[in-house]
Amino acid sequence: MRTSDFWRLMDDEFGPAYSRTLAQTLHLSGLGDRTPAAALQAGADPKAVWLAVCEMQDVPEYRRLGRDVKPR
């Protein structure tokens, strides 16, 4: 997963404004008590960060892959 995919999933699930706030304030124990933004900046795998956010925020498994987007 690329970082751009991480942000698309965050925006789809939480909305563009709240996703940025969440990424700056949510501390993830599974990632060394770092925020998602800090973990990404430190080079963490975006997929691992996304899954940690999902776990912490109780995102249902069926929504963890994001919404269906029609190909262009």
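Which residue just after α1 takes a positive phi?

## About the model

This is a predicted model, in which local features need pLDDT of at least 70 and side-chain atom pairs count only at pLDDT 80 or more, while totals for chains, interfaces and linings use all residues. Residues are numbered from 1 along each chain as its sequence is written, and side-chain values use heavy atoms, with hydrogens and water left out.

## Helix α1 and the residue after it

Helices here are DSSP runs (H or I, at least four residues), numbered from the N terminus. The 12 residues of α1 should span 16 Å at 1.5 Å a residue, and its end C-alpha atoms are 16 Å apart, so the two agree; the expected span is 1.5 Å times one less than the number of residues. Buried residues (under 20% relative accessible area with a 1.4 Å probe, protein chains only) in α1 are F6, L9, M10 and F14. They cover an arc of only 100° around the axis, which puts them on the same side of α1; the arc is that of the directions from the helix axis to the C-beta atoms. Their cover includes α2, α3 and α4.

And the opening question? Just after α1, G15 is the residue with a positive phi, about 90°.

W7 lies in helix α1. Leaving aside neighbours within four places in sequence, W7 is in contact (heavy atoms within 4.5 Å) with S19, R20, A23 and L40.

## The nonpolar core

A nonpolar core is a set of buried Ala, Val, Leu, Ile, Met, Phe, Trp, Tyr and Cys residues joined through side-chain atoms within 4.5 Å. The largest one has 19 residues, of which M10, F14, V49, W50 and V53 touch the most other members. Two or more residues come from each of α1 (3-14), α2 (16-25), α3 (36-41) and α4 (46-57). The biggest share, five residues, is from α4.

## Helix α4

In α4, the buried residues are P46, V49, W50, A52, V53 and C54, and what covers them includes α1, α2 and α3. The 12 residues of α4 should span 16 Å at 1.5 Å a residue, which agrees with the 16 Å between its end C-alpha atoms. After α4 comes D58, whose phi is positive, near 55°.

Key. Buried < 20%, exposed > 50% of the residue type's maximum accessible area, 1.4 Å probe, protein only.
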